[in-house]
Amino acid sequence: MSPANEVRKSKAERTAEAREKARQIREAQLKKDKRNKLLIGWGIVAAVVAILVVVGLVVTSSIKQNTPVADQGPVPANGNANGGVTLLADAAIKSTESATVDMANVPAKPDAQPNPVVAPGAEAEAGQPVKVVAYIDFICPVCKRFETTYNEALKGLRNEGKISLEYRPLGFLDRQSTTNYSSRAANAAACVADKAPEKYAEYIDVLFANQPAEGGAGLSDDKLKSLASDIGADINSCVDDKTFRPYVKYSTQLASNIGITGTPTIFVDGKQWDGSSDLNAEIQAAITAKG
């Protein structure tokens, strides 16, 4: 019940108050809607800026990774002009003299495919263990399968002094990535041979363990550097400077010109393994033949 002395408002006053209250509610809602629109607008702007930054980084990285490679360059320390690095017992690497390569000096490709293929430097020197030469590509799934199948046996024979194992990484499958991954990974491996040769065998294993799928970007240069850093090899400046990309370019063209058509391609004391037999048996036969 209303107090006796309360003045009763007229219908017109009550209507006016209701209208004023409705106006205040509408204004508050309009302000809220405007504020929400501003927040959404700034959120969209921030998202667009973030996307542009990411796209810019990707484009910059892609341009950096796909820039033209020089035709001349150094051979890595402990590497040879045939594109190889030779592993001996206990992950030691055969030392080599310093050298350079020049695309102008790549032996010409013959008119006909050679049969059998003769790989330069694939035969063991007199009095030396059986020499196994492996042309590989770090994005090649069959190469990874080869490593999975034979790596432990080859390592054991190396440690027994019965064989040497020379890896010749190529850029054959650059077309299978958007960033020339095969050549970039081969360059990184050459950097390890040059800067931390005792880590070379381990880095080969690491690259295959982290093999990217064909058709994508492959591992970034930063990832290649961090994988090396994880095993104690600092190749940062070497990768950034693409120090051995000319060497990889030369090695890849040389391999193609002598008749290498795919990876892995394996030689045992100069004789190409056809893949139909057990490689271990082929190597043991070569070891026996050496007496």
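Tutor: Buried means under 20% relative accessible area, exposed over 50%, and partly exposed in between, with a 1.4 Å probe and protein chains only. This is a predicted model, in which local features need pLDDT of at least 70, side-chain atom pairs count only at pLDDT 80 or more, and totals for chains, interfaces and linings use all residues. Residues are numbered from 1 along each chain as its sequence is written, and side-chain values use heavy atoms, with hydrogens and water left out.

Student: Why does Tyr150 count as buried?

Tutor: Its relative accessibility is 9%. The cut-off is under 20%. Tyr150 therefore counts as buried. Phe146, at 6%, counts as buried too.

Student: Why is the pair of Phe146 and Tyr150 called tilted?

Tutor: Rings of Phe, Tyr and Trp (its six-membered ring) pair if their centres lie within 6.5 Å; planes under 30 degrees apart are stacked, over 60 edge-to-face, and the rest tilted. Here the centres are 5.4 Å apart and the planes stand at 45°, so the pair is tilted. Phe146 and Tyr150 sit four residues apart in helix H2 (residues 141-159), about one helical turn. Together with Trp273 they form one aromatic cluster.

Student: What makes the pair of Tyr135 and Phe267 edge-to-face?

Tutor: The angle between the planes is 70°, and the cut-off is over 60. The centres are 6.1 Å apart, against a limit of 6.5 Å. This pair links distant parts of the chain: Tyr135 lies in strand S4 (residues 130-136) and Phe267 in strand S6 (residues 265-268), 132 residues apart. Both residues are buried. Helices (H or I, at least four residues) and strands (E, at least two) are DSSP runs, numbered from the N terminus.

Student: How do you know which strands are at the edges of the sheet?

Tutor: Count the sides on which each strand pairs. Two strands pair if DSSP finds at least two bridges between them. The open sheet has five strands in the order S2-S5-S4-S6-S7, with mixed pairing. Strand S2 (85-87) and strand S7 (271-272) each pair on one side only, and these are the edge strands.

Student: What puts the buried residues of H5 on the same side?

Tutor: In helix H5 (residues 221-230), Asp221, Leu224, Lys225, Leu227 and Ala228 are buried. They cover an arc of only 160° around the axis, which puts them on the same side of H5. The arc is that of the directions from the helix axis to the C-beta atoms. On the face turned away, H5 carries the exposed residues Asp222 and Asp230.

Student: Why should some coordinates not be read in detail?

Tutor: Low pLDDT is the reason. pLDDT is the predictor's confidence in each residue, from 0 to 100. The chain averages 89, and 90% of the residues score at least 70. Over residues 52-64, however, pLDDT stays under 50. That stretch has two contacts (heavy atoms within 4.5 Å) beyond four places in sequence.
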